[in-house]
Amino acid sequence: MNAQAFILLYPTSEFDSHFVTHLLSQKHPLLLINASAEVLAHNPEASHIHLNAPLSELNTTTLLDWFELNNNQQEVMVLHCANRLDESNLLEDIAVGEQVIARLEIAFAALRVIADNLRVSGGNLVFLTQSDTLNYELETTASVCNHAHNALMMTLAREYQGSKLAVNSFVLPLLATDSKAARIQKRNLKGGVLGARPAVYSYQDLVEYLVNFMKTNTMLTGQSIAFTPTLELKL
């Protein structure tokens, strides 16, 4: 039996879909929370639930039942996927703010249930974020949610200090379909912040790196980890 089970909260992007596909190929027990229709269509065999805030008693019971079923002989790893909401009209459109708040409330409620279980049983909780300053391709990033999630990550890390739960975040680099495309993409980009070219990873390379990190990390907690242009990890 595999030593780890995984929960993915808000898997919505192409990268998230690659992550799900990789876990399923490795036969890890997997639960998707509030996945997008695209991710579910690409991975129809994945178990999934939809949560609303505040969590109902049925929602909480569903999460706890999943823990009881999967946590007897394995650690549970949690990946909070990067939020890609378009916040460009945050101050002009009240609906945008309501969407941001609703997603943060759901994340907070779900992670509270998850973290309380992981504190005792052990595991890793990783937040993925998109950089709002190293946005080389001018893609939509969600700085409000990303900073809020990073603050939640550090709060959870402090609150559960000394337990078996490790909480960290990763700032995603630019991604490409494969290693060859990553090299081409990096070469075509004309510099970046301070003249440094960005780090570019293939989806598969980064998926495998993050899965290995979540399986093996027992020390880092409360850290925000970024992939620098020199391919080093910056804490």
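**View 1. The buried residues of helix H5 pack against S4, H4, S5, S6 and strand S9 (224-227).** Contact here means heavy atoms within 4.5 Å, and helices (H or I, at least four residues) and strands (E, at least two) are DSSP runs numbered from the N terminus. A word on the model before going further: it is predicted, so local features need pLDDT of at least 70 and side-chain atom pairs count only at pLDDT 80 or more, while totals for chains, interfaces and linings use all residues. Residues are numbered from 1 along each chain as its sequence is written, and side-chain values use heavy atoms, with hydrogens and water left out.

**View 2. Helix H5 (residues 143-159) has a buried side and a side that carries exposed residues.** The 17 residues of H5 reach 24 Å from first C-alpha to last, close to the 24 Å expected at 1.5 Å a residue; the expected span is 1.5 Å times one less than the number of residues. Buried in H5 are Cys 145, Asn 146, His 149, Asn 150, Leu 152, Met 153, Leu 156 and Ala 157, where buried means under 20% relative accessible area, exposed over 50%, and partly exposed in between (1.4 Å probe, protein chains only). Seen down the axis of H5, these buried residues fall within an arc of 160 degrees, so they line one face of the helix; the arc is that of the directions from the helix axis to the C-beta atoms. Turned away from that buried side are the exposed residues His 147 and Arg 158.

**View 3. Strand S5 (residues 123-130) is covered on both faces.** In S5, 8 of its 8 residues are buried. In a regular strand the side chains alternate between the two faces of the sheet. On one side of S5 sit Gly 123, Leu 125, Phe 127 and Thr 129, and on the other Asn 124, Val 126, Leu 128 and Gln 130.

**View 4. Strand S5 pairs with strand S4 and with strand S6.** Two strands pair if DSSP finds at least two bridges between them. S4 (residues 75-80) and S5 run in the parallel sense over 5 bridges, with Leu 79 opposite Val 126. S5 and S6 (residues 165-172) are also parallel, over 8 bridges, and there Val 126 has Asn 168 as its bridge partner. S4, helix H4 (residues 94-121) and S5 make a right-handed β-α-β unit: with the strands pointing away from the viewer, the path from the first strand over the helix to the second runs clockwise.

**View 5. The count comes to 2 salt bridges.** The rule asks for a side-chain nitrogen of Lys or Arg within 4 Å of a carboxyl oxygen of Asp or Glu. Arg 112 and Glu 159 meet at 2.7 Å, N to O. Arg 112 lies in helix H4 and Glu 159 in helix H5, so this pair ties together parts that are 47 residues apart in sequence. The other salt bridge joins Asp 116 and Arg 119 at 3.9 Å, N to O; both lie in H4, 3 residues apart, about one turn of the helix. Asp 116 is partly exposed at 31% relative accessibility, as is Arg 119 at 39%.

**View 6. Phe 19 of helix H1 (residues 14-25) is buried, with a relative accessible area of 0%.** Leaving aside residues up to four places away in sequence, Phe 19 touches Leu 8, Leu 79, Val 207, Leu 210, Val 211 and Met 214. The C-alpha atoms of Phe 19 and Glu 208 are separated by 8.4 Å, although these residues are 189 apart along the chain.
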